[in-house]
Amino acid sequence: MIGSCCILTGNTKQAEANLETAHTLIKRIADGDRTALAELYRSMERSVYRFILSRLNDPFESSDILHDVFIEVWRSAGRFEGRSKVQTWIFGIAYRKVIDRHRKAGRTKLSDETPEIIDEADSAETCLVASQDAAQVNHCMSQLTDEHRSAISLAFWEDMNYREIADVCGTAEGTIKTRIFHAKKLLMRCLSALSQGVTT
Amino acid sequence: MTLSRDEAILLLPFLANGTLEGEELKQVEQAIAADPTLQAELAALQNIRATMRAEQIDFSPGEMGLTRLMRDVEAERKAAPAAGAMLWKIAAALLFVIAIGQTVLLTTDGAPEAGYTLAGGAKADFSITVQPDATEAELRELLLDAGVEIVSGPSALGIYELALTQAASRDSAAEKLRTASDIIESLEMAD
């Protein structure tokens, strides 16, 4: 069995070396090999679940979506063409399933608004303390829209490059760069506000 | 080509997560080298990333989720052959109906009194359904022997309506149809 923490995550050389292994797993799944599905599940379950949970904030609903993601992997493995990394393919499935869930639930985007009292030029410096506080980072992440939160999560949790994030979200690379730029600004402004004792 | 400051700012998060490579990496590094604001921003981004990555999730479905997944995959795997068999049954039923239709056409010479009349208004004496594996030849032989003919059907549920030919007795025909259980799946007599 392959280690459970790093087979398909990150962009390290080890992950690149494991790329072929991941593609082999998908081929085996396409051939109906359930042990390969279990292996893939064990290697990716936590990171995919964390990504889904960060967008839904509901453990039960997130568990259901995770289940649906791997059922789709089982059904669609034969159609995986290997043009993208297995990791981005699976996160792409998760990304779309959460969007479908939002649509069904009729959820609207959370507001992007953050306090306007902080000077942008000072944001980076004033947010340094708050950026080391998990509770404050979580709070500011929760203020972002789903699109912004997804992009930041993929960049910082999964260490994906902008091409891979564009692949997951089914959009252009330029869109991802500007999406993350705006998300980053909102995060920093929120953290700066918290550092200065302003309630967001 | 040199990156502008604005372009470099867009790429800072990817410098923070270590995914920039080659010329792009060099240019972003050059852009921030002489820009304290960008350096501060990079430091903040690296902090945010480190904070996010340091936090562990308390719960994930883990092995329970895997058990559920394997159970559903197994159920799906078992259901797949059954669905295939159902398709074959439907295909066989369609072929059977076509064969019956062709037989009817071939045995009808145009005269209303000869062979099957298939009159929509003809009164039915029996309703039957046919065993899925019964052949057209077996059914034809049974119907001729029992002295009945198809007057309508099959319906969407596979029901054929049968009427007695002039020479046949209702009780005798019913007995023959009832005893041919390898061909007739169900039999109902009309009022």
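Is Asn57(A) buried or exposed? At 67% relative accessibility, Asn57(A) is exposed, where exposed is over 50%, buried under 20%, and partly exposed in between, with a 1.4 Å probe and protein chains only.

Hello everyone, a word on the model. This is a predicted model, where local features need pLDDT of at least 70 and side-chain atom pairs count only at pLDDT 80 or more, while totals for chains, interfaces and linings use all residues. Residues are numbered from 1 along each chain as its sequence is written, chains are lettered from A and ligands numbered from 1 in the order written, and side-chain values use heavy atoms, leaving out hydrogens and water.

Back to Asn57(A): its phi is near 55°, a positive value in a residue other than glycine. Asn57(A) sits in the loop between helix H3 (34–56) and helix H4 (59–76) of chain A; helices here are DSSP runs of H or I, at least four residues, numbered from the N terminus.

Now look at Asp159(A), which also has a positive phi, about 50°, without being a glycine. Its loop runs between helix H8 (146–156) and helix H9 (162–169) of chain A. Asp159(A) is buried, with a relative accessible area of 7%.

Next, the cysteines. Over all chains there is one disulfide, meaning a pair of cysteine sulfur atoms within 2.5 Å. Cys140(A) and Cys190(A) form it, with sulfurs 2.1 Å apart. The pair links distant parts of the chain, 50 residues apart: Cys140(A) in helix H7 (residues 134–142) and Cys190(A) in helix H10 (residues 173–195), both of chain A. The S-S torsion is about -80°, so this disulfide is left-handed. Both cysteines, Cys140(A) and Cys190(A), are buried.

Note on methods:
Helices (H or I, at least four residues) and strands (E, at least two) are DSSP runs, numbered from the N terminus.
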